[in-house]
Each structure stands twice: as structure tokens, then as C-alpha cells.
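Colleague: I have a model open and would like to learn how to read it. Can we go through it feature by feature?

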Amino acid sequence: MTADRRASWLKGVLDLLVLASLSEGESYGYEIAKTLADAGLGQIKGGTLYPVLNRLEEAGLLATEFRAAERGPGRRYYRLTEEGRRTLEEEGARWLAFDESVRAVLTKGRSR
Amino acid sequence: MSGYFDELTARLREAGVPASRIAVTVDDLRAYLADSGGDPEEEFGPAAAFAEQLAATAGQEAGEAASGERWTWTADIFTDQQRLNEFGEQGWEVQGIDRLGRFVCTRSEEHPQRWEYRREVVSPVGRDALTERLAPEGWEPCGTWFCYAYYKRPKAALVGPEAEIASPPPQPGRRIFFSPALYGFAAVYFVVALVLALTVLPLVQGAAGDDEPGTLVGMVVGAASSLVVFGGAVGVAFLVRRRRRRR
């Protein structure tokens, strides 16, 4: 039950978390997942992460570049577009307002 | 047999596994036993423990593919990589390998995407290091079988949105994929074992007649060793061939 609840929370905010993880510069799939895992959000598997990256790319919020590597097939790098940065600011602020409301109600409920 | 499956069904129901999932699972297991001809308790272990394991897997998969298709299949070691990549192109993602050695797969209904697979020969001790080495390229572990470790990678890691499948083909009707190489290997092994037995048996009988237990034991051990060495040689040749092909 706890794991299911966390999964549904993450589903609602993963696109914003991905955008936020790119706010300091470009990155690629593995590094994005690692950044989120290191932040305590658990392991985001490829089957969950890449569909989100694809949607953000198709929506014009991310730009991509494929770079060949000396070893292996190369990597697909993602960076925020201007629209992506604007979306992150706007939608991020909305999420934080929502989080504040949830926090206020839960805090009040627990203190009774 | 039905007593075993009745208990398994009841235990899975108690564990909260959906009835439709229980029906599919039990059908799968019955089909497997029909092929193998084994006893359910010997094949799967006690019903209570097996139900606990199946319920845990069902819960994990429910979180990973709430609204997707599920398909379980198997292939021999000669053809498994080819089949994995073939079905990966159709959107099948391996979630794990069950205790029967079958690939447990799911496919998203909303956004099916292409997957690629690789198989590595690795000891349990070296598995974590290998996983760590492959992770930056997007490979994730998706199951182990004896010395084989299987890895999957979404094609989207390389090609982005093009990896999504607009209209995936229907679920394959088969669940077992054995290659001609497996039958060839089995035939050669059988012939060699038969030739050795026919060669050694008269000698053993002769030795028994001479009442020399040391010679008898030596011959039997020698014959058994020959079989093991032959099997091992074929196995090593197979692995070497695979490694050369990867280079």
C-alpha cells in the first residue's frame, strides 16, 4: 500500500522533477535517474523515465542531442528549452502551493 | 494435482491477488506440468510458500504495469537473446525470470515502447560490479538464470520518441521457443552417451567377472568423467563462440 501510494505521488510530479533535474544543465537518462534517486525519490526505472522524457521532448519542453561515444552506442543528452524553463517555474509554483495546502491540513490533522 | 492447485488458488485469493490473475497463473502452471510431466510439489515446492512468492511478484508487477498486458514465455539458451530482442521490438519488457526459468513480461497499453536485451555470463560475486558498469549506458538487470544475467534497455535511451510503438502486434500465441540447436545438442549428447555406455558396459561386466572391484569402479568413474568432460567441452566451446561473436 505504501509503495503504491508513493508510486502514484511520483506519477503526478515526475515530469516536474525531471525538468528540475535539468535546471542546472544538460544530462542523460542514467544521470537524471541517479539525481532523483540521490534526492530520496527511489529508483526510477527506464520504463518509467523514458516515456516521461519522450513526452517532454514532444511537447517542446526539452531539446535533445545524440552524441556518439568512444565505447558503446552513445548517449542522448537532454536540456531545458525556454518553454521548459517557463513551465518548470509556473507548474513548480503550483505544485508547491498544492504541497503547502496538503501540509497544512495534514499537520492540523496530526496535532489533534 | 488438483488438490495442490486448489490450495494454491485459495492462498493467492487470501493474499489479495485478483481472480483473473490467479486463473491465468494456474493455467500457466498446469500447462507447464502437462509439458514436463512432473509433480506440482516437486516442481514448485509447497503450495503455501509458492503462493507467497507468486503474490509478491504479482504485487510488484501491478505497480509496474497497472494497465498493461502480461505474457510469460521461455526459450533455450541458444535462442533466448534473439527471441528477447524480437519480442522487445514488439514492446515486451521483461520484469523478471520466475523459478521455472520463464521470462515474465509486461507491455504497456498506453505507451508501448521498444526494448533491447543482452545476456552476460557472470558469477554471483561479479554481478553487482557488472550491473554498475552497464548502468550508465541505460542497461538495467531484469533477471538471472544460473550463470546468466539478463539486462534490458529502453530503445528510447538511444532514439527517443521513435521508440514508441504506434500499433503493437498481438501477443504471440506460443509460450515455448526451442531452437534446432537445442535438439541437435541433445541428439549428439545422447549418441555420445550411448556409444560410451555400449563401449564401457562389456568392459565393466568383464571386470566384474574378474572380481576386481577397483578396476570396475575406475571404469565407471572414467565413463562418467568422459560424459562430464564432453558436456563441459561443448559448454565451453559455446561460451567461447559467444564471446568471439561479441567482440
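Colleague: In which sense do β5(B) and β6(B) pair, and over how many bridges?

Modeller: Some ground rules come before that. This is a predicted model, where local features need pLDDT of at least 70, side-chain atom pairs count only at pLDDT 80 or more, and totals for chains, interfaces and linings use all residues. Residues are numbered from 1 along each chain as its sequence is written, while chains are lettered from A and ligands numbered from 1 in the order in which they are written. Helices (H or I, at least four residues) and strands (E, at least two) are DSSP runs, numbered from the N terminus. Two strands pair if DSSP finds at least two bridges between them. Here, β5(B) and β6(B) pair in the antiparallel sense over 5 bridges. B:Y150 in β6(B) is the bridge partner of B:G143.

Colleague: In what order do the strands of the open sheet in chain B run?

Modeller: The order is β4-β6-β5, with antiparallel pairing. β4 (115–121) and β5 (140–145) of chain B are the edge strands, each pairing on one side only.

Colleague: What is the phi of B:F146?

Modeller: Most residues other than glycine have a negative phi. B:F146 has a positive one, near 50°. B:F146 sits in the loop between β5 and β6 of chain B.

Colleague: Is B:F146 buried or exposed?

Modeller: Count the other C-beta atoms, placed from the backbone, within 10 Å of the residue's own: 20 or more is buried, 12 or fewer exposed, in between partly exposed. B:F146 has 9, so B:F146 is exposed.

Colleague: At what angle do α2 and α3 of chain A pack?

Modeller: Two packed helices are described by the angle between their axes and the distance between the axes. Axes are lines fitted to C-alpha atoms over the stretch in contact, and angles run from 0 to 180 degrees between N-to-C directions. α2 (residues 29–41) and α3 (residues 46–58) of chain A pack at about 110°, with axes 11 Å apart. The two helices are therefore roughly perpendicular (65 to 115 degrees).

Colleague: Which residues of α2(A) and α3(A) meet?

Modeller: Contact means C-beta atoms, placed from the backbone, within 7 Å. A:G29, A:I32 and A:A33 in α2(A) meet A:G46, A:L49, A:Y50 and A:L53 in α3(A).

Colleague: How many residues of chain B are in contact with chain A?

Modeller: 17 residues of chain B are in contact with 17 residues of chain A. On the chain B side, α7(B) gives the most, with 3 residues.

Conventions: Two residues are in contact if their C-beta atoms, placed from the backbone, lie within 7 Å. Angles under 35 degrees count as roughly parallel, over 145 as roughly antiparallel, 65 to 115 as roughly perpendicular and the rest as oblique.
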